[in-house]
Amino acid sequence: MSRTQAFAALILITCLLPAASRAADPKKVTLSAGDADHTNAVISFDLPGDMKAPLQLHGDDGSILPTQVHRGKAWTILPQLKAGEQRTYTIEPASPGAFAAQLVSIVKDGGAMNFTCANKPILTYQSEKTPLPKGYAPELQRGGYISPVMTPAGRLVTDDYPSNHKHHHGICFPWTKTEFEGRHPDFWNMQDKTGRVDPAGVDDSFSGLVCAGLRAKHQFIDMTAMPEKPALNETWDLIVYRPMNVGEKTVYIFDLTSTQNAIDSPLTLPKYHYGGLAVRGNGAWNGKGDAAHFLTSEGKTRSNGDEAPSRWVLLSGKVEGEDAGIAILSHPTNFRAPQPVRLHPDMPYLSFTPSYLGDWKIEKGTPYISRYRFVVTDGVMDAKDLDRLWNDYAKPVSVTLE
């Protein structure tokens, strides 16, 4: 029996347990669209402690939404809800028919946490330091990042250890210009050996009908201290959803929340044009010209969008002769939102860079929380679709439990 079959069988057995073993009278949930249309919208909400997985939402109109629960949090995908509409569902034990949905799974291979659906790769979180390419200096070895990231057609949209900037890695979260206890560690340019970001373990991981996820830890190490000293603890919450349709396209969507805490002394971030969430695109997009295309929520491109505030950025180009891209949506609760973006002039690299707007600090007792949603697609993504997806993320369907 495969891992996927075993997981589905376990869910089915749980489903068939007597009702008395699942405490709880039926409860209802009302979903409200607000002032915008929603299509294939991610819905998440906290669930009372007496509600157990697996569940489904049974609509008054007869519709069924398979619903996943993990540690008191529920997720489902709402196919459609128009502006101004409300829809009420009963929360109930799932029926066997709910299991027709494809599982989103995590398969661990050493330090690689591989997210898949229907045996197709979506992305990998590198929970340990990854093998160095031949000829790379040992200080460049890095873990605690996401790469590779694939499109639904299996095309690669990220790069790792590129030869022209060996410290670049898929999706990561470094700070470049910093001050810490009078020293100046650089957690990005690892070749300078002043700072680094170390993976520090995965606390939790789960797979399911709607999504798969993990919680990982990192430490920002000041290498200029004697002895070396950790400056920040970071937690990543990564949620990868089952494939969804946007218009006529199938897309992969995943959410990343970074929570950074100063361990003791504050970390000062002076004004600078780098630093923050970073994405390095496919190596085929490298170089000046139009190998890589940037488009921001404000309609700006590589030529005029560098350091401009943006709600979202799309990085795209040709992969194996076909269009592919990755869009990053920045949540409006992020510090200094809409954050300025760095669009590199001759590399497929971008970052959301709040430090561009001036000096600031991460202080003990005040976590620095950043939220981003990623959309990975084949073909050319339309700006109107990205605006709608950003709206789903920034102004989600509201949830009321009864």
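Select Trp 75 and Phe 206 to begin: Trp 75 is buried, and Phe 206 is buried as well. The model in view is a predicted one. With both side chains displayed, the ring centres lie 5.4 Å apart and the planes meet at 20 degrees, so this pair is stacked. Colouring by secondary structure places Trp 75 in strand β5 (residues 73-81) and Phe 206 in strand β12 (residues 195-206); the pair therefore ties together parts that are 131 residues apart in sequence.

Next, select Phe 335 and Tyr 368. These rings form an edge-to-face aromatic pair, 6.1 Å centre to centre, with 85 degrees between the planes. Phe 335 is partly exposed, at a relative accessible area of 29%; Tyr 368 has 7% and is buried.

Across the model, the count of aromatic pairs is 15.

At Tyr 136, the charged end of Lys 166 sits over the ring, 4.7 Å from its centre. At Trp 390, Arg 311 lies over the face, at 4.8 Å from the ring centre.

Finally, colour the chain by pLDDT. The average is 91, and 91% of the residues score at least 70. Select residues 1-26, where pLDDT stays under 50; for this segment the model has 29 contacts beyond four places in sequence.

Key
Residues numbered from 1 in each chain as written. Predicted model: local features only at pLDDT ≥ 70, side-chain atom pairs only at ≥ 80, totals over all residues. Heavy atoms only, no water. pLDDT = per-residue confidence, 0-100. Contact = heavy atoms within 4.5 Å. Phe/Tyr/Trp six-rings, centres within 6.5 Å; stacked < 30°, edge-to-face > 60°. Helix = DSSP H or I, 4+ residues; strand = E, 2+ residues; numbered from the N terminus. Buried < 20%, exposed > 50% of the residue type's maximum accessible area, 1.4 Å probe, protein only. Lys NZ or Arg CZ within 6 Å of the ring centre and 35° of its normal.
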